[in-house]
Each structure stands twice: as structure tokens, then as C-alpha cells.
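Biologist: Before we talk about names and labels, could you put the model on the screen, please?

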Amino acid sequence: PAAQAREELGIPGTTVRTAFLCRDKPAMKEVLREGGVACAASLGSDDLEEILAFAGSVGYPLIVKPRSAAGASGTDRVDSDEELRAVLERAGVGRGASVAVEEFVEGHEAFYDTITIGGRVAHDFITHYYPNVLEAMRTRWISPQFVTTNRVASAEGYAPVREMGHRVNELLGIHTSATHMEWFAGPKGLRFSEIGCRPAGVRTWDLYAAANEIDIYREWAAAVTLGRTTRPLSRRFSAGMIALRPDRDGVIRGYTGLDEVQARFGPWIMDVHLPPEGTPTQPVEAGYMANAWLRMKHPDYDELRSMLDAVGQIVQVRAG
């Protein structure tokens, strides 16, 4: 609706076509495949038999999600016709609902984010998930992380990711906008997953600001109002976040290991969120910031990863 209003009034911004393509995953991937971007096989449909035929052609496992969902919201992995039928029944397929069904792509999951001005990428960032989102949002004992790297411009392996991201923005007609693009790298090579014409969630922009020594919100404001950014990215730090999950559902009873973490890593800790004792816990699927979390930065990406791993092993969130 906002894009429609802008077009009617002649206000610059994201077009109706771009907004639609960034919301409807099957339509998005059709455009990108036609433009030469490697994507998982996918189908958008409200027809049970068509979806089952797609499953028979592509094979399992498959991913089923709402056509306009963000991240892992409402997403299921299915490994058989029986599981697929059950998920489609819950989703309302056959009763008017349409879903996106995709080939499961094995590999490491990460994202490529930009501030794009006039179709040109002005600032870009690459962030890695540990583990992949679907596993992280389904498994309680994991303390999931995401870590933005400061090797975007220096590591040759990122060049294909940046090229793909620029091509995706071009094909979808993204003009001046923040973008958030998910991708996989695995046995089948580099694969596009999905893109949103928006910033990444979970306060990821805070990590970008800390890692690159910029006021990213001022940069975005300058992009929109002036058509330019105001300073280059320093790429001096990597920055990351780790979710610290309660050992069970209930209410928070306390924390252990915080003093050790502060003693070992204090200078590199950006901030920490610790719900007070007595706070009701939130379910695992509520996301990375639903309960306790900690954010850090460090000049060396591998050292930061090691520190975040240690935090996940040391800090315990007790509930009961």
C-alpha cells in the first residue's frame, strides 16, 4: 500500500513491482532465475496435487513457508509426503491459502545486507549464522550466534556473494533502500535464498555500526535525503551476538558464569541483556533476543568466534 501511494503521488521510493517481488518468494525467484541468479527450485501454489507433484519431481527434504514470511517465521522442513500433507493442512492449503515450497539447500547460511542508493550499493555487510536459522529456532540447547565479518572486501571468497547481491538488487529494481539478503553456500555452490527491501532484524544494524565505527542511522538518513553516505566503513572490527537460552521453560531463576566471562572478555563486550529473576521465559522459536543475549566485537573474526563460543559454554541461564 505504501508503494502504491508513492506511485500515485509521484513520491520517490520502492515501487509496487519491487515491493511485490520482495514479498512474494516464488515470484521473486522466478525473476531472479530468469536473470541468471542461482536459486533453489521453488513453487508457489494453493493446490495440493500441484505441490505433491513438485515434491515428486524435486525430492525431499523440502521447505514450506508462507509466501510472504520473513526469516524462519512459519517455516517447516518436511521429509515425506505424510509430513508435507500435514504441514499443508495446518497452513490451510485447499481452503484458500497459498504457500511457498522450496528445494532444501544444504550448506552454510549467511546474509548480505546493503544500503543501496539509486541502484548502487553504497555500504555492504556480510554476516554469518551459527548454526543455520531453522536449526537455531528449533533446538533449545543451542546458543545461536550471528557474526558480521570485517573481511568483506579483503577475502576473495566473498566476491561472488557481493556480485550476486548487486545482481539481485538490479533485477528486482531496488533503487534507494536498505536490503537484507539470505544466501547459502554448500555442495551445490552459492545459492540465493531470499531478500527483503528493509534492514536486517534483531538489531543487526547495531553490529554494523560498532564494527565499522559509523552512525549507521545517520548514514541511512543521508542516503535518503542527500543521495549519498557520509563516511566509508572502517572494516576495523567484526561484531557478533549470542543468544543465551534458559535451560527450560518457566521463569528466570538466575545466571552462572557471568563473572568469568566479564573477567576474560570484558574489553570486547559491547552490551548484555539479562532479564531479571522472576521474568517469564520465552519459547525458543521466539527468536534471538527473546531471552538473555550478549554482543561483542573484536578486530579478528576468528578470535571473536572463539570468544562467543566460550560465552555459550560458560554462561548458564537457570529457569524453573
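**Charges, fold and rings**

Modeller: In this predicted model, the mean position of the 35 positive charges and that of the 42 negative charges of the chain are 4 Å apart.

Biologist: How do you know that the chain agrees with a compact globule?

Modeller: A compact globule of 320 residues would have a radius of gyration near 20 Å, and the chain has 21 Å, so the two values agree. Along its principal axes, the C-alpha trace spans about 55 × 50 × 40 Å, and the chain holds 11 helices and 14 strands.

Biologist: Why is the pair of F111 and F146 called tilted?

Modeller: The structure holds 7 aromatic pairs. In the one formed by F111 and F146, the ring centres are 6.4 Å apart and the planes stand at 55°, and because stacked needs under 30 degrees and edge-to-face needs over 60, the pair is left as tilted.

Biologist: What makes this pair a tie between parts of the chain?

Modeller: F111 belongs to strand β5 (residues 108-117) and F146 to strand β7 (residues 145-148), so the pair joins parts that are 35 residues apart in sequence. Both F111 and F146 are buried.

Biologist: And why is the pair of Y129 and Y288 called stacked?

Modeller: The planes of Y129 and Y288 are at 25°, with 6.5 Å from centre to centre, and planes under 30 degrees apart count as stacked, so the label follows. Y129 lies in strand β6 (residues 120-130) and Y288 in the loop between β12 (269-273) and β13 (292-298), so this pair ties together parts 159 residues apart in sequence. Ring pairs link F111, Y129, F146 and Y288 into a cluster.

Methods
Residues numbered from 1 in each chain as written. Predicted model: local features only at pLDDT ≥ 70, side-chain atom pairs only at ≥ 80, totals over all residues. Heavy atoms only, no water. Helix = DSSP H or I, 4+ residues; strand = E, 2+ residues; numbered from the N terminus. Rg over C-alpha atoms; globule rule 2.2 N^0.38 Å. Lys, Arg positive; Asp, Glu negative; His and termini not counted. Charge placed at Lys NZ, Arg CZ, Asp CG, Glu CD. Phe/Tyr/Trp six-rings, centres within 6.5 Å; stacked < 30°, edge-to-face > 60°. Buried < 20%, exposed > 50% of the residue type's maximum accessible area, 1.4 Å probe, protein only.
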